[in-house]
Each structure stands twice: as C-alpha cells, then as structure tokens.
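Subject: Handover of a structure and notes on it

Dear colleague,

I am handing over the structure below for your attention. My notes follow directly after it.

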Amino acid sequence: MSRAQDPPRGFFPFGNPFRILSPKGSALSPWLLSLLNNFELLLAERLKKLMPKSKDDILTLSWMKLAMESLCETHNNINTLITDLQLPVSDWEEKWVDVYLDISVKLLDLCNAFSSELTRLNQGDLYLKCVLHSLQSGPGEKYLQARSSLDSWRQHVNANNARVENCRAVLDSLVKSLSLPKVKNSPKGKVLMRAFYGVKVQTVYICSVFTAAWSDSTTDLFDLTVSDKPLWAKAFADMQSVVNAEIRDLLSSGRSTILKELERVDASVEKLYPMIQDGVEDETFSDCVMELRTQAEKLSQGLDQLLEEVDSFFKMTLSGRDVLLCNLRSSDSFSGNANVE
C-alpha cells in the first residue's frame with residue numbers, strides 16, 4: 001500500500017464543542033462535578049499507562065493488547081457513570097440516543113475488521129510450521145518444500161485486507177461525529193456528553209493506530225487536537241505525540257511491516273531463506289531455525305491474546321447496544337425510537 005504523508009488533520013471540523021458543554025451560567029453541582037472529575041481522572045491515568053517506556057514498545061502486540069484493555073475499561077467506566085448519574089434511558093434526549101447507536105454500530109464494524117486481520121495473520125503460522133516440519137525431515141525435497149512454504153508465508157502476510165482498508169472511511173465518519181449535540185437544561189446531560197467526548201477521543205485514536213499498523217500507512221493515523229479543559233487532555237496529548245512520531249519514523253524507514261513481532265519473524269525468514277536456497281546446514285543454520293521457531297511462537301501467542309481482547313470489546317459494545325435498545329422498547333417516551341440504528 002502507498003505510504004503518503006498526509007498533513008496533520010484537525011480534530012474539530014465544526015468548531016470547539018466545549019463552547020456547547022460549558023455555556024455561561026451552567027455551573028455543575030459539586031456532586032456532578034465530582035462524578036465528571038473522577039471519570040476524567042481515571043481516563044487520564046489509563047492514558048498515562050499507554051505511554052511507552054521505550055520506543056521499542058510501540059506497536060508491539062503487548063502494547064496493542066494494553067490499548068484494547070484500556071478501551072474496555074473506559075467503556076465500562078461510561079456505563080458506571082450512566083448508572084451513577086441516575087439518568088434513565090427514558091430521560092435521554094433523542095439525539096443522545098442517535099449518537100450512541102451510530103457510534104456503537106461503527107465500533108462493531110471496526111472490531112470485525114480487526115478480528116479479521118488478526119485471524120488472517122495468525123493463519124500464516126501454518127506456513128511457518130510447514131517450514132519447520134520440512135527442515136526436520138530427512139534428505140530429499142525438504143529444502144524445496146521449506147522454500148515454497150516461506151514464499152507462501154510472505155505472500156500471505158503481505159496481502160491486503162479489504163476490511164482493514166475500509167476502516168479509514170469508518171474512522172472519518174467517527175471524527176465527524178465528534179461535535180457534541182447541544183444540551184439544554186440538563187446538567188446530567190452535560191456530564192454525560194462530556195464523558196462521551198473522552199470515550200470517543202480515546203476510541204477513535206486507538207482504532208486509528210491499529211488501522212495504521214495493519215495498513216502500513218500514515219494516512220490512517222490521526223493527529224487529534226483536543227481541548228485542554230478535560231483532566232485527561234495532557235496525558236492524551238503526550239501519549240499521542242510519542243506514539244505518532246515513532247509510527248511515522250517506522251513507516252518512513254522502508255520496513256516491510258511496522259508490527260514489531262511480525263517484523264521479527266520477517267527478519268528471521270530473511271536470514272534463513274538464502275541458507276535454504278544453498279542447502280547448507282551448519283551451526284548458523286540451526287540457530288536461525290531455532291530463532292524462527294521462537295519468534296513464530298511469540299507472534300502466534302501475541303495475536304491470539306490481542307484477538308481475545310478485541311472480541312471482548314466487541315461483546316461489550318454489542319451488549320451495551322442491546323441493553324439500550326431493550327430499554328427504549330420498554331419506555332413509553334421512546335417507543336417510537338425502538339428501531340433507530
């Protein structure tokens with residue numbers, strides 16, 4: 001795929017939503033302010049944990065797993081906040097419901113795309129197992145078979161995934177949804193919408209990083225300029241700056257992949273391939289075979305663990321959507337919106 005360097009994209013195409021959140025004379029009560037502050041402080045701490053300890057940690061499967069766990073925790077927190085606000089669905093404004101349902105269906109699309117790519121990459125492990133099995137067999141066609149399996153692995157992992165390519169359009173539509181609906185005469189609604197804003201910022205950014213990692217393109221990476229009012233704003237800006245800078249450096253270096261575990265397997269393949277072509281086995285050859293085995297196992301294990309987290313996020317999003325729809329159907333005031341998508 002191409003690696004065009006797009007200029008940083010602005011986050012608010014329709015202006016600053018915090019002018020909507022905090023109009024003059026709309027001070028929150030101490031109780032509501034405490035709920036909002038607690039939510040935003042938890043989000044800030046979560047974002048700080050995503051700050052890599054070193055550049056080598058960025059775009060490892062373990063970091064991506066941590067990022068997906070962080071998203072699950074944030075979405076759990078918004079559910080807890082809704083409960084604490086004692087704001088039943090029957091009191092939600094119709095536009096809030098529309099925003100939630102629209103975002104949730106887009107998140108399900110993203111999860112399906114991510115699961116598809118993780119499953120596809122993990123299927124490549126079969127080719128590596130064939131390589132290792134061939135090299136353990138007796139004389140004969142083992143080098144030819146091993147080389148054929150390596151060629152198949154290269155072709156498989158470098159293939160494009162149409163679902164991942166479609167993530168860009170989904171993310172663009174999510175960015176457009178980030179101008180918050182106007183909240184009138186509802187302090188609880190103001191808190192809810194500001195919390196939703198933090199959830200959306202983290203969700204859009206993490207999903208854009210995942211998409212960039214699998215598409216190897218900076219065009220899928222967002223530079224989100226957020227208001228400095230939320231308590232999590234600095235933690236987010238710091239984390240985003242470090243992660244984006246490293247991703248762009250990786251993409252500009254000409255690497256075949258920027259996913260670290262996949263890159264290590266690829267490096268092992270590159271060292272082993274000419275040895276298989278020559279058909280000469282020595283101590284270096286044995287070390288390279290062992291290295292490929294080790295890196296392949298780490299890649300497969302990491303993909304499995306990340307896939308599990310993505311599936312958990314999918315189930316959480318689907319469950320929250322189903323609960324809301326059920327509540328809408330049982331509410332007289334929202335009976336006409338039961339089929340909203």
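The chain has twelve helices and zero strands, where helices (H or I, at least four residues) and strands (E, at least two) are DSSP runs numbered from the N terminus. Along the sequence the pattern therefore reads α-α-α-α-α-α-α-α-α-α-α-α. This is a predicted model, in which local features need pLDDT of at least 70 and side-chain atom pairs count only at pLDDT 80 or more, while totals for chains, interfaces and linings use all residues. Residues are numbered from 1 along each chain as its sequence is written, and side-chain values use heavy atoms, with hydrogens and water left out.

Overall picture

Of the 341 residues of the chain, 51% count as buried. Buried means under 20% relative accessible area, exposed over 50% and partly exposed in between (1.4 Å probe, protein chains only). Among the contacts in the chain with a separation of 6 or more, 83% are between residues 24 or more positions apart; contact means heavy atoms within 4.5 Å.

Helices H2 and H3

The axes of helix H2 (residues 30-49) and helix H3 (residues 61-84) come within 10 Å and cross at roughly 175°. Axes here are lines fitted to C-alpha atoms, for helices over the stretch in contact, and angles run from 0 to 180 degrees between N-to-C directions. H2 and H3 are therefore roughly antiparallel to each other. As for the terms, angles under 35 degrees count as roughly parallel, over 145 as roughly antiparallel, 65 to 115 as roughly perpendicular and the rest as oblique. On the H2 side the contact includes Trp31, Leu35 and Phe39, and on the H3 side it includes Leu66, Ser70 and Glu73. By class, the contact of H2 with H3 has eight nonpolar, three polar and four charged residues. In this division Ala, Val, Leu, Ile, Met, Phe, Trp, Tyr, Cys and Pro count as nonpolar, Asp, Glu, Lys and Arg as charged, and the others, Gly among them, as polar.

The loop between H2 and H3 holds Leu59. Phi of Leu59 is near 60°, a positive value in a residue other than glycine. Leu59 counts as buried, at 0% relative accessibility.

Helix H9 and its partners

Helix H4 (residues 94-123) and H9 have axes that come within 11 Å and cross at roughly 20°. H4 and H9 are therefore roughly parallel to each other, and H4 passes H9 in a left-handed crossing. A crossing is left-handed if the near helix is turned anticlockwise from the far one by less than a right angle, and right-handed if clockwise. Residues of H4 in this contact include Trp96, Leu107 and Phe114, and those of H9 include Phe196, Cys207 and Thr211. The contact of H4 with H9 divides into 15 nonpolar, three polar and two charged residues.

The axes of helix H8 (residues 167-176) and helix H9 (residues 187-215) come within 11 Å and cross at roughly 160°. That makes H8 roughly antiparallel to H9, and the crossing of H8 and H9 is left-handed. Cys167, Leu171, Leu174 and Val175 of H8 make the contact with Val204, Cys207, Ser208 and Thr211 of H9. The residues of this contact divide into six nonpolar, two polar and no charged.

Thr211, in helix H9, is buried, with a relative accessible area of 0%. Not counting residues up to four places away in sequence, Thr211 touches Phe114, Val164, Cys167, Leu171 and Asp220.

Asp216 lies in the loop between H9 and helix H10 (233-252). Phi of Asp216 is near 55°, a positive value in a residue other than glycine, and Asp216 counts as buried at 14% relative accessibility.

Cysteines

The structure holds zero disulfides, a disulfide being a pair of cysteine sulfur atoms within 2.5 Å. The sulfur of Cys111 is 6.8 Å from the closest cysteine sulfur, in Cys207, too far for a bond. Cys111 counts as buried at 2% relative accessibility, and Cys207 also counts as buried at 2%.

Helix H11

Val269 is in helix H11 (residues 260-278) and is buried, with a relative accessible area of 0%. Leaving aside neighbours within four places in sequence, Val269 is in contact with Leu128, Leu150, Trp153, Arg154 and Leu292. Val269 and Asp151 are 118 residues apart in sequence and 9.8 Å apart in space, C-alpha to C-alpha.

Yours sincerely
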